[in-house]
Amino acid sequence: MIESDLLTMAYPPLLVFAAALFVLALPRIAGFALGALSLAVVLAISLFVPEGSYLAGTFLGFDVVAFYVDDFSRFVGIGLGFLGACSVLYAYSSEASRTMTAFALVYVSSSIGAAFAGDWLVLVFMWELMAVTSTLLVWQYGGDAVRAGFRYAIFHGTGGVIVLLAVVAHYVEVGSFLYADHAGIADGLPMLLAILGMGVNVGFIGLHTWLPDTYPRPHFAASVFLSVFTTKTSAFVLFRAFPEGEGHLYLAYMGGLMSVYGATFALLQHDMRALLSYHIQAQLGYIVAGIGIGTSLATAGALGHLFNNILFKSLLFMAVGVVIYRTGEEDLYHLGGLWREMPLTAIAFGLGAFSITAIPGFNGYISKGMIFDAADPGYYGAPEYQALYWLLFLGAIGTLLSFIKLGYYVFFHGESDVSVPDARPGQTVAMFGLGGACLLFGVWWQGFADLVPLIEESTHAFEYSGGESHLHPYSPSHLETAGILTAISVVTFVVVRKPLSKLDLSDPATVVFPAGYYLGRWTMFATTELYAAVDTAVVGFVKRCYWLGNNPVLAVDAAARRLPMVDVEERRPADGGRPSTIHLRTSIGTTVLLITVLLTIVLWLLVS
């Protein structure tokens with residue numbers, strides 16, 4: 001491996017973090033320009049720093065690799081750097097505050113740090129920092145975002161603790177935190193804990209409710225950052241834990257179910273950002289399915305779809321954000337006919353919608369097609385993935401239906417009853433930069449395939465169980481499948497459009513919110529009342545002991561009086577009978593601190 005002096009001076013997360021501070025200190029245009037430039041540098045480092053470059057050191061006596069460049073982290077870094085620069089430009093043009101953008105950049109820096117980490121210890125630190133900074137980004141907006149931010153923090157705090165336990169258990173099994181010393185997370189308990197903890201961030205069913213609850217609430221420019229960095233970085237970390245070559249059937253089928261579940265509830269939404277948030281879960285389902293299948297083609301498809309998702313998902317949040325910015329309306333059924341008022345925004349939305357729905361000619365078609373082929377027994381999939389293939393097929397129909405619905409009601413249905421300007425210049429440049437990349441990697445698929453790890457450059461070959469094959473995304477059979485999916489979705493939308501507009505079904509998984517509230521409330525009451533009872537008993541016991549120590553004669557007299565047939569002369573209390581002056585009450589925080597110190601001393605004595 002190569003330890004580069006350049007990297008020592010230009011650690012990407014630190015560059016972005018420094019830019020966040022300058023955003024607060026410099027004039028607005030200079031600060032935002034520096035923020036965008038820092039992310040352009042991340043893009044340049046991802047493209048040009050030699051593979052195998054790293055930054056190593058020690059922390060608490062453990063070997064750590066804070067920054068490591070391989071084909072996988074390079075690929076993700078390209079996407080995050082490009083998207084980050086576009087997002088800062090979009091935020092500037094959307095009149096986002098300097099405070100919000102500074103929080104966003106600190107959040108982005110932690111996400112980049114997690115993506116480029118070379119060991120599990122650095123990963124855990126960046127993972128937790130990512131949770132804290134994204135929560136602050138949500139809270140910064142105020143209003144409804146505050147309570148949603150608390151729920152968000154609880155989810156990610158819990159998931160982070162479980163990931164930490166997984167890493168500790170992994171170290172016990174392997175004896176090292178370094179990725180290079182073990183392929184993926186250790187089997188057994190570490191693997192189980194990793195699935196649960198990482199499942200929060202990648203939106204496993206039942207652990208996903210923070211997505212539609214949180215992302216529609218902050219500033220619309222903040223939603224652009226939030227829509228990408230946590231989930232896509234976490235999906236990449238999931239790949240680190242379950243690398244190529246190891247199939248995990250349960251993980252693959254969880255991905256298939258996520259694609260259907262997310263698309264189904266996206267289809268039922270009225271709020272535009274809630275619809276897009278459910279589609280974060282749905283598209284992560286394809287990525288999780290590819291990681292679970294574990295073949296070269298499936299993993300390449302998963303990482304390729306992760307990269308493409310960075311582009312088209314942020315583009316869709318940008319387009320919807322412009323609609324909200326200009327109209328002040330969040331409900332898609334209260335809009336219509338905006339393509340005449342906002343043609344540039346409508347085109348940008350179309351580029352993102354065609355990409356996420358895997359229409360030929362757009363990048364989503366290439367990566368999603370790779371995952372389909374990896375699951376289809378007729379191509380390269382094993383028989384046990386036959387049902388998974390049909391789950392992914394249903395998820396694709398749901399995705400098409402959702403974006404036909406969103407585009408129809410926002411841009412084409414009826415006449416617009418408002419006269420509003422189109423996107424501002426910075427918003428337009430950011431949207432068309434991402435949209436152009438979506439179109440470029442769909443048409444020039446060979447260039448995209450050359451970037452994707454596990455696919456050989458130039459020949460576009462990959463390994464599978466039967467030998468070696470090559471990518472052919474625009475073969476007649478692939479185009480036929482895309483045509484069938486599109487036709488089914490269009491016909492279905494025509495049939496269900498009117499009854500669908502009357503449905504307003506909530507996600508049953510959101511029961512975790514009231515359940516968590518009442519569980520937390522009664523747990524708090526039980527804890528505080530138990531503390532009060534123990535405190536009263538202990539204080540009473542200590543007071544009695546103190547009195548007995550200062551009044552032994554009176555104590556003997558009192559005990560003797562209780563004996564039958566005993567006559568004891570009454571005595572007056574001496575000075576020792578004065579009330580205790582020892583202060584035995586203190587705050588819960590001080591008590592917890594004292595208990596922690598005591599336990600630390602006990603543990604130290606046991607270890608020594």
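How many disulfides does the structure hold?

Author: The structure holds zero disulfides, a disulfide being a pair of cysteine sulfur atoms within 2.5 Å. In general, a disulfide is a covalent bond between the sulfur atoms of two cysteines. This is a predicted model, in which local features need pLDDT of at least 70 and side-chain atom pairs count only at pLDDT 80 or more, while totals for chains, interfaces and linings use all residues. Residues are numbered from 1 along each chain as its sequence is written, and side-chain values use heavy atoms, with hydrogens and water left out.

Of the 608 residues in the protein chain, 53% are buried.

The largest nonpolar core has 178 residues. Such a core is a set of buried Ala, Val, Leu, Ile, Met, Phe, Trp, Tyr and Cys residues joined through side-chain atoms within 4.5 Å. Within this core, W120, F225 and L406 have the most contacts. Helix α14, residues 296-327, contributes the most, with 19 residues; helices are DSSP runs of H or I with at least four residues, numbered from the N terminus.

Setting aside its neighbours within four places in sequence, F225 is in contact with S87, V88, A91, M100, A104, Y107, V108 and L137, where contact means heavy atoms within 4.5 Å.

Conventions. Buried means under 20% relative accessible area, exposed over 50%, partly exposed in between (1.4 Å probe, protein chains only). Helices (H or I, at least four residues) and strands (E, at least two) are DSSP runs, numbered from the N terminus.
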